[in-house]
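Please read these notes with the model open.

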Amino acid sequence: FPTRRSSDLRQSIDPGHWLWKVLLSYQWKQKDQHINVLELVAVLDLLRRLGRDGEVHSKRMVTLVDNQVAVSCITKGRSSARALQGPLRRISAVCLAGHFRLCLGWIKSKWNPADGPSRWAKKRQGSHA
């Protein structure tokens, strides 16, 4: 195995290597929550949706997240922050139930292909056309 420097581990993944499609696009339901909790809930929502499709069970799930705290907590499987523990437990349960192997990567927010679609919900709700 090639050795990696610790600086390589914090580099963003280039999303241009894959084709993307929008599965979910919505506004945060609990806007009073901390962004780290909301990012974990977004990953949980994605896994729940994918878990309904039997064809993706027992597969590797490549998921890009632009929140380093969320990536670190999910990768490690734990957090000392009580607010993150609930969503982390649910993510683990969904992964176990669907036999998912979650492969997480951090991505710069400006490169995140999900960033634009996440704002579509705001435009839909704000427009009265």
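**Notes on the predicted model**

1. The protein chain has five helices and two strands. These are DSSP runs numbered from the N terminus: helices are H or I with at least four residues, strands are E with at least two. From the N terminus on, the order is α-α-β-α-α-β-α.

2. A caution on the basis. This is a predicted model: local features need pLDDT of at least 70, side-chain atom pairs count only at pLDDT 80 or more, and totals for chains, interfaces and linings use all residues. Residues are numbered from 1 along each chain as its sequence is written, and side-chain values use heavy atoms, with hydrogens and water left out.

3. Of the 129 residues in the protein chain, 32% are buried (under 20% relative accessible area, 1.4 Å probe, protein chains only). The accessible surface comes to about 9,400 Å² (Shrake-Rupley method, 1.4 Å probe). Carbon and sulfur atoms hold 52% of that surface.

4. Residues 24 or more positions apart account for 77% of them in the protein chain.

5. Lys 21, Lys 29, Arg 48, Arg 49, Arg 52, Arg 82, Arg 89 and Arg 90 form a surface patch of positive charge. Patch residues have over 30% relative accessible area and no salt bridge, with like charges joined within 9 Å. α2 (35-51) and α4 (82-98) each give two or more residues. The largest share, three residues, comes from α4.

6. Arg 52 lies in the loop between α2 and β1 (60-65). Arg 52 counts as exposed because its relative accessibility is 69%, and exposed means over 50%.

Definitions and conventions
Patches are made of residues with over 30% relative accessible area and no salt bridge: like charges are joined within 9 Å, nonpolar side chains (Val, Leu, Ile, Met, Phe, Trp, Tyr) within 5 Å. A salt bridge is a side-chain nitrogen of Lys or Arg within 4 Å of a carboxyl oxygen of Asp or Glu. Lys and Arg count as positive and Asp and Glu as negative; His and the chain ends are not counted. The place of a charge is taken as NZ of Lys, CZ of Arg, CG of Asp or CD of Glu. Contact means heavy atoms within 4.5 Å.
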